[in-house]
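Thanks for coming. I have one structure to go through today, and I will keep to what can be computed from its atoms.

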Amino acid sequence: MRLLIDEMYPPAIAEQLRKAGHDAISVQEDPEARALDDSAVCGLALSAGRAVVTENAADFLRVLRHRAAMGDPAPTLVIASNRSFPRHSASFAGQAVRALCAFCEAHQGADAASGAVYWLQPPG
């Protein structure tokens, strides 16, 4: 699955995913994308055929519900909770990359525009 990493995460995560052979970009890598609100990030993900990776469950789930109510397509969400992936810990980036690699491998060929919601699990 192709990924769009939300701006709350360092772009190094997308870089490491690419080094591991996965198709990932970071909102932070595009100055214009950094200024987008969550709804526009969803639109960007849809147009690029990417799932959104975020910690911002409340806002992105609200956007998905709104899109569903309007009959509009929605991107797949991959939500990494701060409880499972403490963003400010030294091991965060490595854990996130390992978990996202496993997620991508388990969801090869999945539709990034399905509106599905996945809760990312820490690496085993």
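Predicted model: local features only at pLDDT ≥ 70, side-chain atom pairs only at ≥ 80, totals over all residues.

Start with helix α1, residues 11-19. Which of its residues are buried? They are Ile13, Ala14 and Leu17. Looking down the axis of α1, these buried residues fall within an arc of 95°, so they line one face of the helix. After α1 comes Gly21, and its phi is positive, near 95°.

The buried residues in α5 are Phe92, Ala96, Val97, Ala99, Leu100, Cys101, Phe103 and Cys104. They pack against β1, α1, β3 at 51-54, β4 and β5 at 117-119.

Next, the proline. Pro75 sits in the loop between α4, residues 57-70, and β4, residues 77-79. Is Pro75 buried or exposed? Its relative accessible area is 0%, so Pro75 counts as buried. Leaving out residues up to four places away in sequence, Pro75 touches Cys42, Ala45, Leu46, Arg50, Val52, Leu64, Arg67, Ala112, Ala113, Gly115 and Ala116. Ser114 is 39 residues from Pro75 along the chain, and their C-alpha atoms are separated by 6.0 Å.

On to charges. Side chains of opposite charge can pair when their charged atoms come close. The count here comes to 5 salt bridges, and I will go through some of them.

One is between Asp23 and Arg2, with the closest N and O atoms 2.8 Å apart. Asp23 is partly exposed, because its relative accessible area is 33%. Arg2 also counts as partly exposed, at 34%.

Asp23 has a salt bridge with Arg50 as well, again 2.8 Å from N to O. Arg50 is in the loop between α3, residues 38-48, and β3, so here too the link is between distant parts of the chain, 27 residues apart. How accessible is Arg50? Its relative accessible area is 6%, so Arg50 is buried. Put together, Arg2, Asp23 and Arg50 form a network of salt bridges.

Another salt bridge joins Arg18 and Glu29, with the closest N and O atoms 2.8 Å apart. Arg18 lies in helix α1 and Glu29 in the loop between β2 and α2, residues 31-34, so the pair ties together parts that are 11 residues apart in sequence. Both ends are partly exposed: Arg18 has 34% relative accessibility, and Glu29 has a relative accessible area of 35%.

That is what I have for today.

Terms used. Residues numbered from 1 in each chain as written. Heavy atoms only, no water. Buried < 20%, exposed > 50% of the residue type's maximum accessible area, 1.4 Å probe, protein only. Helix = DSSP H or I, 4+ residues; strand = E, 2+ residues; numbered from the N terminus. Arc of directions from axis to C-beta. Contact = heavy atoms within 4.5 Å. Salt bridge = Lys/Arg side-chain N within 4 Å of Asp/Glu carboxyl O.
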